[in-house]
Amino acid sequence: MIPPMRPVIVAGNWKMHTTPADAAELARTMEARTRVPGVTRVLCPPFVCLAPVRDALAGQNVGVGAQDVHHHLGGAFTGDISAPMLRDLATWVIVGHSERRRYHHETNEMVAEKVARAIENGLRPILCVGEELEVREEGAHVAEALVADQVMDALQPTTGEALATSGLVIAYEPIWAIGTGRNASGADAAAMAQAIRRAVDAASGDSIGLRGADTPVLYGGSVTGANIDQFFAEAEIDGALVGGASLKPDEMAAIVARAGLTAAARGLAPARS
Ligand code: PGA
């Protein structure tokens with residue numbers, strides 16, 4: 001069954017690309033090329049580009065997201081950025097991206113604290129989870145168990161109503177697919193999305209918490225205009241977290257156009273008059 005109420009989301013993760021001098025123009029180009037009814041669009045530039053991108057997108061229907069947030073609210077953490085600092089700059093934040101986990105040694109516990117700080121400060125987290133290639137090679141059920149643990153650990157401090165109303169989105173990003181040109185199959189991503197939703201339900205338990213069925217799950221990892229169709233063909237997949245292709249207007253235009261078909265099928269796009 002297609003869940004009609006889950007939004008269709010395409011988020012672009014610009015990673016360590018663009019400068020304050022050129023980010024605004026790219027944001028304006030992306031906005032103009034991706035005007036598709038019913039699709040929630042989010043751009044996540046580097047911290048130093050948040051203000052110009054926010055200003056460039058003022059009055060447009062595009063969310064601005066940070067790529068990370070510190071797990072403390074403030075203190076002696078040179079070079080880090082806390083959730084209160086982001087409040088006027090962003091409404092979304094990517095948390096637990098595999099590049100942060102790998103290069104900055106972020107643990108599930110830190111990711112959980114980041115989710116909590118984001119939600120407390122009104123930022124909508126895009127929680128990233130995903131397995132290494134060796135885990136995938138041990139079998140789908142091994143990968144699903146690991147990802148389910150990542151989800152449960154990340155949500156553990158924030159169960160309850162705060163989580164249910166947080167707008168949390170989960171992005172399944174198999175590490176072996178990120179920036180490699182090698183993507184998961186739509187069917188594998190859909191099976192993982194089901195495992196993620198079961199984990200959300202398990203994390204919430206009997207409390208008034210977030211429900212898996214209500215949680216948008218995105219796929220990320222070498223998404224392009226050429227391969228996006230197989231993900232949106234799966235009812236379990238609600239969108240994409242796009243890295244490399246999010247810097248290319250033609251690619252983003254194709255990805256968001258395909259997202260629009262799913263949005264229309266779900267009744268999210270207003271009927272043309
Ligand atoms: P990619 O990155 O699309 O370049 O593989 C995805 C991501 O890291 O979010």
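This is a predicted model: local features need pLDDT of at least 70, side-chain atom pairs count only at pLDDT 80 or more; totals for chains, interfaces and linings use all residues.
Residues are numbered from 1 along each chain as its sequence is written, and side-chain values use heavy atoms, with hydrogens and water left out.

**Exercise 1. Find out which residues surround the ligand and how much of its area the protein covers.**

Step 1: Start with the neighbours. A residue is near a molecule if one of its heavy atoms lies within 4 Å of it. The ligand has 13 residues around it, and K15, H97, E173, G179 and S222 are the closest.

Step 2: Sort that shell. You get 4 nonpolar, 7 polar and 2 charged residues. Here Ala, Val, Leu, Ile, Met, Phe, Trp, Tyr, Cys and Pro count as nonpolar, Asp, Glu, Lys and Arg as charged, and the others, Gly among them, as polar.

Step 3: Look at the ligand's oxygen atoms. One lies 2.6 Å from an N or O atom in the side chain of E173. For G179, a polar backbone atom is 2.6 Å from a ligand oxygen, and for S222 a polar backbone atom is 2.7 Å from one.

Step 4: Now the cover. On its own the ligand has 280 Å² of accessible area (Shrake-Rupley method, 1.4 Å probe), and the protein covers 95% of that.

**Exercise 2. Describe the largest cavity and its lining.**

Step 1: Get the idea. Rolling a probe the size of a water molecule over the atoms shows where empty space is left. On a 1 Å grid over the protein atoms alone, a cavity is a set of points where a 1.4 Å probe fits but cannot get out, and lining residues have an atom within 4 Å of a point.

Step 2: Check the lining. V10, M30, E31 and T34 are among the residues there, and the whole lining splits into 7 nonpolar, 1 polar and 2 charged.

**Exercise 3. Classify the aromatic pair Y172 and Y219.**

Step 1: Recall the rule. Rings of Phe, Tyr and Trp (its six-membered ring) pair if their centres lie within 6.5 Å; planes under 30 degrees apart count as stacked, over 60 as edge-to-face and the rest as tilted.

Step 2: Apply it. The whole structure has 2 aromatic pairs. For Y172 and Y219 the centres are 6.3 Å apart and the planes at 65°, so this pair is edge-to-face.

Conventions:
A polar contact is a pair of N or O atoms within 3.5 Å; within protein, one must be able to donate a hydrogen and the other to accept it, and residues adjacent in sequence count only if both atoms are side-chain atoms. On a 1 Å grid over the protein atoms alone, a cavity is a set of points where a 1.4 Å probe fits but cannot get out, and a pocket is an open set with protein on both sides within 12 Å along at least five of seven lines; lining residues have an atom within 4 Å of a point. Grid points are joined across faces, edges and corners, and a volume is the space filled by probe spheres set on the points.
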